[in-house]
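Biologist: Could you take me through the aromatic pairs in this structure, and then show me what surrounds the ligand?

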Amino acid sequence: MELLEAPGSLREQLKRKFARRNALIGVAGVGYVGLPLAVEKAKVGFDVIGYDRNSVRVDQVNQGLNYIRDVDDAELTRLVESGKLQATTDFSTLSRCDAIVICVPTPLTANLDPDISYIKAVGEQIAAQLRPGQLICLESTTYPGTTEEVLLPLLQRSGLKVGEDFFLCFSPERVDPGNARYTTKNTNKVVGGVTAACRDVGSCFYQQTILEVLEVSSPKVAEMCKVFENTFRSVNIALVNEMALLCDRLGISIWEVLDAAATKPFGIMRFDPGPGVGGHCIPLDPFYLSWKAREYDFHTRFIELAGEINIGMPYFVREKVARALNARGRSINGANILVLGVAYKKDIEDWRESPAVKVMELLLKDGAKIDYHDPYVPKFVERDVQWHSIPLSRECLERADLVAILTDHSNVDYEKVVQYAKVVIDTRNATRNVRNRGSKVVLL
Ligand SMILES: NC(=O)c1ccc[n+]([C@@H]2O[C@H](COP(=O)([O-])OP(=O)(O)OC[C@H]3O[C@@H](n4cnc5c(N)ncnc54)[C@H](O)[C@@H]3O)[C@@H](O)[C@H]2O)c1
């Protein structure tokens, strides 16, 4: 009703609602991306509804219980108690929203092809209830073309016209879990709209919560921008991992090389080697691009090569473990190995696609007895095996034939680790500040 009575086009009305913070915002998928986004929107005064098909997450939000480290516990509780933020498993609630942001997963199939079924499922739900005056924004990482080739046709089934009746944008999420310096608010946001009006409305929407919003000419550019950013990381990590493999053969410390190279004030950017790549982005997103490239008879060689090197790193860690045990007259078979850190990177609780889990699987296959300690991951299940973190005690360090540091969490006492362990494989140079680490520590 309000839409019909208010003066001006739907575009201007929607922008006014955003500027006055009296628009109702919906977030589809309240995970690592969606929940921080919902909180940011609610913090500046919007009423926000989080929609998720996972009822456990929905219940947690409604009880003000936080499950994403980047979200402040007290903030979430305050927003829920004040009624600014609520969650639901009922999509019809979301259809009341003025803006709907899609933050659902974009995994790969077993054959490394994009699985955009989650985007399609939400798109179909939105299309069935789309009404004039709504902004739909896709934030899930995906291949260039998804917004216009997949989402737009679904939404057009409603009979409504894009750019006039409803507005459609792609704006990639760049959140870096665990990064205290760059958060949702102060990380620049790129927005591409299907039409100029879509871009204008989308840009206005993000300007309410993000300090810098950059408009690009199309959703495709914004989609490509995101997969390029992740490909850049994947390729550079692979380069430094390959150098680590070579340095191992040459008997040179890759870490000393990197410290020296980092002193050059221009033309170099530091990336560190490690046991592989993990998480929901770097191991997956570049393959979205290589899949799309094939449609254009284009072979993305850097992506394939980087994938090959990064996927091989857990096997190299297994080799380092075997060599370290061998030097002490032991084999992996029957050895007690204590793994430190299973999250895919430091100071976060996300273990999805973690290379640490792959290393554990390889060592287990070779007959090792494995315990792990991770202050952020109390338990996890992989291939039907239930794992529980054990406390990091002097006894468990002394009991282990080898300690493998696979994630360099900041709150682990590495002095103690080196003091009581027999031998330490340090894949992250986490022990760099330990005094007298001597020959006990074997770096990657
Ligand atoms: N995690 C990151 O660091 C990160 C960073 C940038 C971009 N991304 C991208 O953002 C997207 C989301 O990633 P995430 O890490 O937040 O995933 P996530 O698994 O943490 O959260 C996704 C949520 O969507 C829900 N969901 C799935 N299908 C749904 C449906 N049909 N309707 C409603 N809810 C549904 C799931 O239950 C889950 O709670 C992915 O495309 C990812 O690549 C992630």
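**Aromatic pairs and the ligand shell**

Modeller: Happy to! An oxygen atom of the ligand is 3.5 Å from a polar backbone atom of Val 104, so let me begin there, keeping in mind that this is a predicted model. Another polar backbone atom, in Tyr 32, lies 3.1 Å from an oxygen atom of the ligand. From a side chain, Arg 53 places a polar atom 3.3 Å from a nitrogen atom of the ligand. On its own the ligand has 820 Å² of accessible area, and the protein covers 94% of that. There are 24 residues around the ligand, and those that come nearest are Val 33, Asp 52, Arg 57, Thr 106 and Thr 141. By type, the shell divides into 11 nonpolar, 7 polar and 6 charged residues.

Now to the rings. The structure holds 10 aromatic pairs. One of them joins Tyr 51 and Phe 91: the ring centres are 5.3 Å apart and the planes stand at 80 degrees, so this pair is edge-to-face. It links distant parts of the chain, with Tyr 51 in strand β2 (residues 47-51) and Phe 91 in helix α6 (residues 91-94), 40 residues apart. Tyr 51 is buried, at a relative accessible area of 8%, and Phe 91 is buried too, at 7%.

Phe 380 and Trp 387 make a stacked pair, 6.1 Å centre to centre with 10 degrees between the planes. Both residues are buried, and together with Trp 351 and Tyr 372 they form one aromatic cluster.

Finally, two lysines meet rings: Lys 41 lies over the face of Phe 205, 3.8 Å from the ring centre, while the charged end of Lys 189 sits over the ring of Tyr 206, 4.7 Å from its centre.

Conventions:
Residues numbered from 1 in each chain as written. Predicted model: local features only at pLDDT ≥ 70, side-chain atom pairs only at ≥ 80, totals over all residues. Heavy atoms only, no water. Near = heavy atom within 4 Å. Polar contact = N/O pair within 3.5 Å; in protein donor to acceptor, adjacent residues only side chain to side chain. Areas by Shrake-Rupley, 256 points an atom, 1.4 Å probe, with all protein chains shown as cover. Nonpolar A, V, L, I, M, F, W, Y, C, P; charged D, E, K, R; others polar. Phe/Tyr/Trp six-rings, centres within 6.5 Å; stacked < 30°, edge-to-face > 60°. Helix = DSSP H or I, 4+ residues; strand = E, 2+ residues; numbered from the N terminus. Buried < 20%, exposed > 50% of the residue type's maximum accessible area, 1.4 Å probe, protein only. Lys NZ or Arg CZ within 6 Å of the ring centre and 35° of its normal.
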